[in-house]
Amino acid sequence: MDKVLRIGMIGLDTSHAVEFTKLLNDPANPYHVPGGKVVIAYPGGSDDFELSRSRVEGFTNKLRDDFGIEIAHSPAAVAAACDAILLESADGRVHAEQFRQIAPFGKPVFIDKPFAVSSRDAADIAALAKSEGIALMSSSSLRFAEEVTRALADTSRGALLGADCYGPMALEPTQPGLFWYGIHMVEMLYAALGPGCMQVTAFTRDAHDVVVGVWADGRIGTVRGNRAGSFGFGAQIHREKGTTAVDVAASAKPFYASLLERVMEMFAGGSAAVGLEETLEVIRFIEAANESRETGLPVRL
């Protein structure tokens, strides 16, 4: 019988902590992801971040009481007691420090979005992972949503020329600009176009943001973040012979499950589904977009 990995979780201030535990720990779940079980977790939480502070106690109680998860007093205690780690803290500002605490244990790590909220922190995490030989991956779950994956795999309309990705974009002061919800659409865009963006220009109004990225090979991709109107996720994938409309909600399979399947592949010894260089570019893309939101000027990556 295949080994069931002991999964540790750091950061219980996000609904992702509960959703991932349901998918991993409940074999009766119709979208159960096999191969691992959450066994220990550290709550974390950020006092100056309302969506973190107000939820950490409830999610911690749910994991302890409903799933029997052991609650640890430090990230290091989690790392010492597991085979692989889901770093779920909602606050991207704390990811670099939490990663530094667990890196000496050498366990594979998934860092939930946002990987970091600055290129400096992102580079520090990547450098430490490389020096310690740690398997590391970060991604928004929207990158692996079934409808996105299906549309990108269908090459019947020829080469991909560009993509326009849209979704809700609430603003959170502690996670500047696109780092909070905008990152979902950026990840979808990178799933379509891959790395190689050289310049972004952002346009922002109270109800909407639009970010235009120009790739080195001439392709153009856009991110539209909505604070009015539709709050659904989707995309238009432009190819040589036509355009495919993607409605993420059209698939019954949760995108959390699609992401976890890829994470578990890495935890089991496979390669990360998203390379660190691409993740670093995603963070830089968002930084540049945020700068352009402030200045109204194009910003080179």
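## Exercises on helix packing and sheet order

In this predicted model, helix α8 passes helix α10 in a right-handed crossing.

**Exercise 1.** Describe how α8 and α10 are oriented towards each other, and state which residues in the two helices meet.

*Solution.* Begin with the geometry: α8 covers residues 182-193 and packs with α10 at an angle of about 130°, the two axes being 10 Å apart. An angle over 145 degrees would count as roughly antiparallel, and one of 65 to 115 as roughly perpendicular; α8 and α10 are therefore oblique to each other. Next, turn to the side of α8, where Ile183, Val186, Glu187, Leu189 and Tyr190 meet Glu278, Glu281, Val282, Phe285 and Ile286 of α10. Sorted by class, the residues of this contact comprise seven nonpolar and three charged ones, with no polar residue.

**Exercise 2.** Work out whether α5 and α6 are roughly parallel or roughly antiparallel, and then list the residues of their contact.

*Solution.* The axes of α5 (residues 95-102) and α6 (residues 119-132) come within 9 Å and cross at roughly 15°. Since angles under 35 degrees count as roughly parallel, α5 and α6 are therefore roughly parallel to each other. The handedness is a separate matter, and here α5 passes α6 in a left-handed crossing. From α5 the contact draws on His95, Ala96, Phe99 and Arg100, while α6 supplies Asp121, Ile125, Leu128 and Ala129. By class, that contact of α5 with α6 holds five nonpolar residues, one polar and two charged.

**Exercise 3.** Give the strand order of the seven-stranded sheet, identify the strands at its edges, and find the helices that lie on the sheet.

*Solution.* The sheet is open, its pairing is mixed, and its seven strands run in the order β12-β11-β7-β10-β9-β8-β13. At the edges stand β12 (242-247) and β13 (299-300), and because each has a single partner strand, one side of each is left without a neighbour in the sheet. Within the sheet, β9 (residues 208-215) and β10 (residues 220-226) pair in the antiparallel sense over seven bridges, and Asp209 has Gly225 of β10 as its bridge partner.

Conventions: Residues numbered from 1 in each chain as written. Predicted model: local features only at pLDDT ≥ 70, side-chain atom pairs only at ≥ 80, totals over all residues. Heavy atoms only, no water. Axes fitted to C-alpha atoms, helices over the stretch in contact; angles between N-to-C directions. Helix = DSSP H or I, 4+ residues; strand = E, 2+ residues; numbered from the N terminus. Left-handed = near helix turned anticlockwise from the far one by under 90°. Contact = heavy atoms within 4.5 Å. Nonpolar A, V, L, I, M, F, W, Y, C, P; charged D, E, K, R; others polar. Pairing = 2+ DSSP bridges.
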